[in-house]
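The following exercises concern one structure, and each is followed by a worked solution.

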Amino acid sequence: MAPPQPKAAAKPAAPVGGVQKAKLGKPRNYDLGNGVMRFSKSKMFHKKAKYKFIGKKHPKAPKATKPTVVVKPIGGEKNGGTRTVLLRRRTAFYPTQDKIKSKPHHKTFSKHVRRTRPSLTPGTVCILLAGRHAGKRVVLLAVLPSGLLLVTGPFAYNSCPLRRVPQRFVIGTSTKLDLGAFQLPAHLDDAYFKKNKKSAKRSVKRKEGEDIFVSKKAPYAPSEQRKADQKLVDAAVTAAVRARADRKLLRGYLRAAFGLRSSHFPHRLRF
Amino acid sequence: MPFERYVEPGRVALVADGKLKGKLVSIVDVIDQTRALVDGPGSGVPRQQIRLNQLHLTKFRLSYSFTAPTRVVRKAWSDAKLNEKWADSQWSKNLANKEKRAQMTDFDRFKLTSARVKRNRARTAVFKSMKAKAARSGAFGKKKVPKTPAKKVRTKKAPAAKPAKK
C-alpha cells in the first residue's frame, strides 16, 4: 500500500515529422479521477478567456475540400453516360449496441494521497488531544502510509506506548528532537498495529466450541515482540533527549501533561 | 480628580488600534471632536489624521506650536529623547512583557512554570523557618513549639534569566 503520488501532467506530444510546431502548454483542466473534471465548463470559459471571442467574426478561409466522389464515364446505351462513385467504400458493419466504455473507477480510501501538516515532522513533540492518553506530550516517530502518525511517549517517561494517532487529534509543538540517523524498523507498519478482532458471531463461537452466551474479555497484554520494539524505539528517543543541553527540563516536559489554565485560549497560544 | 492628559498639540499618544497599532505618535492639531492630526517622525508614522478613540494618551508632551511641520516635530521628538523615555516607562515595559508572553511556546511555558514552582518552594521554606524562629522566641504567640526546625524543602534558587516572570 504505497502512498500514491499526484499524477504527473501529460507531456505535450512530440512534433510529428520534421516540422517544428509551436510548443503546446499543459492542459489546465484535468480529470479528478472519477470522470469529474477539476474545472467546470463555465470556469474553463473564463480561464481560456473565451468571452473575448464571442461575437467576433473572422472571415474563414475556404478550405480546400477533398473530393469524396468521382464521376466516371460509363459505356453502353441507356446508361446515362456517367456514374458518381464514392472514393471510399461505405462501412459494411453497423454496431447495434453502444461500445462498453471503461470508466475510471473511484479511488478507494487506501489509495488517497495523504497530506500531513507541515509542522508534523519526525521528532516533533506532540500533544495528544483524545483517547486514553489525552493531554500527554509524546514524540512523533513517523507518518505511516495510512496517514496515521506513529508516536511514542517514550513509555518510560509517560507510559504512552507505540501508538498510531490521526493527525487531527494532535497538536504539533515547535519543540523538535533530533532523532539523527534513527531508522524505524520496517516491520512497524500499519498491519503491525491492527487489532486482531476475534469474531463475536455466535456461529463462529459455536464452531470453536466456546460458550456462546459468555462474552469473555481478555485483558490486553503486550506481546514480547511489542515490548522489544518499544524498547528499541524508546532507546533512540531517550538518547535524543539526553543529547540536548536542556535534557532535564525536556524530560520533565515530556513527563508532564498539557492542560489549559484560566485565560489560556488555545487558538491564541503558540505551540 | 481633574484630568491630566489632554488631546492637545504636542501630546504623545500610543496608537491602540488599526494599522499603526503599537506605534507612538504626537498630536499636531485637533481636527474636530473625534479626529486629530498626528505625526510620528521618530516612530516611522507619516503625518495623517487619526480617530481619537484609536489613541491612548501618554504622560509625555512635546513642545511645539500647533500645526508644526514634520521637521519641527522631529526636532522636538529627538530633543526630548522621547524614544528612550518611552522605552524606560513602565507602560512600554508591560507591553514588551505581554508580547514576550504571547511569543512563548509550549515548552517555554513549561519552563516558566517549573521555575515558578522552584521559587515558590524556596520562598515557603524561608517563610516557614522564619515563622518557627519567631514562634520559638515567643513573638508569635504560639506556646507549643517543635524543637526541630521546619522541614527544609528544596531551596535551590531559580535560574535568574527568566523572561517576563511574574
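Is Trp91(B) buried, partly exposed or exposed? Trp91(B) is partly exposed, because its relative accessible area is 29%; buried means under 20% relative accessible area, exposed over 50%, and partly exposed in between (1.4 Å probe, protein chains only).

The model is predicted: local features need pLDDT of at least 70 and side-chain atom pairs count only at pLDDT 80 or more, while totals for chains, interfaces and linings use all residues. Residues are numbered from 1 along each chain as its sequence is written, chains are lettered from A and ligands numbered from 1 in the order in which they are written, and side-chain values use heavy atoms, with hydrogens and water left out.

**Exercise 1. Describe the ring pair of Trp86(B) and Trp91(B).**

Step 1. Rings of Phe, Tyr and Trp (its six-membered ring) pair if their centres lie within 6.5 Å; planes under 30 degrees apart count as stacked, over 60 as edge-to-face and the rest as tilted. By this rule, six aromatic pairs are counted over all chains.

Step 2. The ring centres of Trp86(B) and Trp91(B) are 5.4 Å apart and the planes stand at 65 degrees, so this pair is edge-to-face.

Step 3. Trp86(B) is buried, with a relative accessible area of 13%. Elsewhere, one aromatic cluster is formed by Tyr253(A), Phe107(B) and Phe110(B).

**Exercise 2. Determine how the buried residues of helix H1 of chain B are arranged.**

Step 1. Helices (H or I, at least four residues) and strands (E, at least two) are DSSP runs, numbered from the N terminus. In H1(B), residues 70-79, the buried residues are Val73(B), Ala76(B) and Trp77(B).

Step 2. Viewed down the helix axis, the buried residues of H1(B) fall within an arc of 100 degrees, so they line one face. The arc is that of the directions from the helix axis to the C-beta atoms.

Step 3. The buried residues of H1(B) pack against strand S2 (24-30), strand S3 (35-40) and helix H2 (82-88) of chain B, where contact means heavy atoms within 4.5 Å.

Step 4. Arg71(B), Lys75(B) and Asp79(B) are exposed on the face turned away from the buried side of H1(B). After H1(B) comes Lys81(B), with a positive phi near 50 degrees.

**Exercise 3. State how S3(B) and S4(B) pair.**

Step 1. Two strands pair if DSSP finds at least two bridges between them. S3(B) and S4(B), the latter spanning residues 45-51, pair in the antiparallel sense over five bridges.

Step 2. Ala36(B) has Ile50(B) in S4(B) as its bridge partner.

Step 3. The two strands S3(B) and S4(B) form a hairpin with four residues between them, and Gly44(B) in the turn has a positive phi of about 75 degrees.

**Exercise 4. Characterise the surroundings of Thr124(A).**

Step 1. Thr124(A) belongs to strand S3 (residues 124-128) of chain A and is buried, with a relative accessible area of 0%.

Step 2. The side chains of Thr124(A) and Lys176(A) are joined by a polar contact of 3.1 Å. A polar contact is a pair of N or O atoms within 3.5 Å; within protein, one must be able to donate a hydrogen and the other to accept it, and residues adjacent in sequence count only if both atoms are side-chain atoms.

Step 3. Beyond its neighbours within four places in sequence, Thr124(A) is in contact with residues including Ser119(A), Val138(A) and Gly172(A).
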